[in-house]
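This report goes through one protein chain, from its overall make-up to single residues. The sequence and structure are shown first.

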Amino acid sequence: MKRRVLLWIMALTFALIGCQGESQNAEKQALVAEDQPKTELAQGVTSSEETEPVPVTEAVTEPEDQIRDLILWHAYTEPLEAELERLVDAFNKMEKGVRVKVVRKEPAELTLVTEGMLQAEDAPDILLDFPMEAVRLQKAGLLVDMRVMVEDPENGIPGFQESMYAPYYQEAIQWDGGLYMIPLVKSGEVLYYNKTLYDAYGLTAPTTWAEMEENSRVLYYEHGVAGFGVESPIELVEMLIEQSGTTYVDPVNGQVAFNQPVLVEELRHFTDLIAEGLYVTPSIHGTLVSAFENGEVGSVMASTFYEDYFLGGELEFEMGVTTLPQGGVVNYSPTVGASAYLFRSDPEQEAAAFSFLKYFVSPQPNTDWVIAYGGVSPYSAPYQMEAYTNYLNANPARAVLYGAGPIVGYIPSVQGLIQARVILYPLLDQVATGVQTADSAVQSAQDAMNELIPK
């Protein structure tokens with residue numbers, strides 16, 4: 001069972017690399033977020049209490065010609081598909097005059113909607129997908145700007161902006177301020193570390209890269225293991241870009257622009273540590289989550305999805321989880337999220353579709369969906385609920401990611417960027433092994449990525 005979970009996670013990881021990718025924020029310096037209200041997690045609570053079901057009223061019987069049908073596209077498989085069906089069924093039973101039909105598509109089909117397709121009877125009204133893939137649909141004018149709907153005093157979503165950390169809201173309005181997506185759930189990178197090993201050498205969880213380097217020297221020279229490993233080098237390079245204060249993507253022309261002296265110097269230092277053996281990457285050591293599980297590396301930067309793998313196994317040491325080290329010009333931690341979009345139709349159809357999204361992000365349905373998904377909620381309301389507090393107590397990586405909310409970032413939705421970013425994968429190894437200098441590696445990566453981004 002455990003190996004099957006790993007295969008599922010690895011498949012998801014590769015899908016993220018090829019189709020959507022994880023978090024960058026080109027406008028991070030403008031995102032000084034105020035802390036949102038949090039529910040203090042009770043110490044030692046490990047309850048596996050099931051989330052209370054969404055309240056359902058008696059089914060409303062309406063004449064067929066008075067029911068407005070909506071079609072929702074998604075690409076989830078079991079068990080998420082079953083949970084989505086359950087939530088949709090609850091909505092259909094309590095919402096008068098509206099009926100949502102769930103249609104599963106292959107991931108590649110989700111962004112292939114054209115103007116002509118929206119005129120068909122089976123055209124989608126709602127799309128659940130990753131924000132990084134929405135750029136073509138938005139540029140083609142196929143998506144509804146929901147800002148007016150959200151801010152409507154009678155039928156909107158009260159406190160929508162105030163209910164989430166500033167970076168999450170900034171991601172939702174990245175297209176010239178238009179609100180073309182409703183965030184649903186977030187996942188992201190955290191630092192898992194061998195607390196037993198750390199305690200044996202009197203080490204504490206690192207909060208900065210300088211502390212990580214100090215810890216790694218102790219573990220490497222006194223215990224014989226690398227102190228730090230990264231499961232996905234793309235996320236690490238993107239994080240170094242953002243933390244160094246450089247611009248990952250120019251918001252004006254959509255071109256990557258990270259070839260700056262501060263990044264080159266940071267990359268040179270980081271790859272020196274790899275060459276010394278203090279840090280390792282997958283090409284050097286293989287799958288780093290397995291190396292961490294086997295005690296072959298002191299800590300690993302990996303997605304919150306890997307928490308299920310670690311907690312479901314039989315670790316021979318106590319695991320700690322903490323926020324990723326900082327220490328650059330800008331504090332930054334990568335995340336990725338799934339969101340909802342509305343396709344243009346007529347005002348009544350769009351209003352009906354929005355009513356479903358309003359329901360979907362209300363506290364109980366969003367709590368149910370986020371727990372089933374295995375992520376964290378972008379909104380503050382679920383964290384006031386006992387079921388969600390229990391969930392975070394039982395899943396410390398998710399709790400850590402929630403706490404990192406003020407410094408999280410995202411990949412801007414720039415056409416071609418998701419495919420282009422795979423060029424970053426070998427960058428660290430190329431410099432660490434002397435294939436390229438830091439200067440030439442950064443320049444060639446920037447040039448190659450820009451070639452793949454439409455002008």
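Contact here means that heavy atoms lie within 4.5 Å of each other. Of the contacts in the protein chain with a separation of 6 or more, 79% are made by residues 24 or more positions apart.

## Overall make-up

The model is a predicted one. The secondary structure of the protein chain comes to 19 helices and 12 strands. The chain has 455 residues, and 56% of them count as buried.

The largest nonpolar core has 142 residues. Those with the most contacts inside this core are I182, Y192, F228, L236, F258, F356 and W369. For L236, the residues touched, apart from those up to four places away in sequence, are W209, F228, V230, F270, M301 and L428.

## Helices α8 and α9

Two packed helices are described by the angle between their axes and the distance between the axes. For helix α8, residues 233-243, and helix α9, residues 261-276, the axes come within 9 Å and cross at roughly 135°. That angle makes α8 oblique to α9, and the crossing of the two is right-handed.

On the α8 side the contact involves L236, L240 and I241, which meet L263, E266 and F270 in α9. By class, the contact has 5 nonpolar residues, no polar ones and 1 charged one.

## Helices α14 and α15

Helix α14 covers residues 363-373 and helix α15 covers residues 386-394. They pack at an angle of about 20°, and their axes are 10 Å apart. Angles under 35 degrees count as roughly parallel, and α14 and α15 are therefore roughly parallel to each other. In passing α15, α14 makes a left-handed crossing. T367, V370 and I371 of α14 make the contact with A387, Y388 and Y391 of α15. Sorted by class, this contact has 5 nonpolar residues, 1 polar residue and no charged residues.

How much of α14 is covered? The helix is mostly covered, with 8 of its 11 residues buried. The buried residues are Q364, P365, N366, T367, D368, W369, V370 and Y373. What covers them includes α2, β4, β11 (333-342), α13 (347-360) and α15. After α14 comes G374, whose phi is positive, near 85°.

T304 lies in the loop between β9 (299-303) and α12 (306-311). Is this residue buried or exposed? T304 counts as buried because its relative accessibility is 0%. Leaving out residues up to four places away in sequence, T304 touches S187, G188, V190, Y192, A397, R398 and L401.

G416 sits in the loop between β12 (408-409) and α17 (417-420), while I418 is in helix α17 itself. G416 counts as buried because its relative accessibility is 16%, and I418 counts as buried because its value is 2%. Apart from neighbours within four places in sequence, G416 is in contact with L452, I453 and P454. I418 and M132 are 286 residues apart in sequence, with 7.1 Å between their C-alpha atoms.

## Backbone features

Most residues other than glycine have a negative phi, and most peptide bonds are trans. The peptide bond from E78 to P79 is cis, with omega near 0°. P79 is placed in the loop between β1 (68-74) and α2 (80-94).

D176 has a positive phi, near 55°, and is a residue other than glycine. D176 lies in the loop between α5 (166-172) and β4 (182-194). At 83% relative accessibility, D176 counts as exposed.

Notes: Residues numbered from 1 in each chain as written. Predicted model: local features only at pLDDT ≥ 70, side-chain atom pairs only at ≥ 80, totals over all residues. Heavy atoms only, no water. Helix = DSSP H or I, 4+ residues; strand = E, 2+ residues; numbered from the N terminus. Buried < 20%, exposed > 50% of the residue type's maximum accessible area, 1.4 Å probe, protein only. Core = buried A, V, L, I, M, F, W, Y, C linked by side-chain atoms within 4.5 Å. Axes fitted to C-alpha atoms, helices over the stretch in contact; angles between N-to-C directions. Parallel < 35°, antiparallel > 145°, perpendicular 65-115°, else oblique. Left-handed = near helix turned anticlockwise from the far one by under 90°. Nonpolar A, V, L, I, M, F, W, Y, C, P; charged D, E, K, R; others polar.
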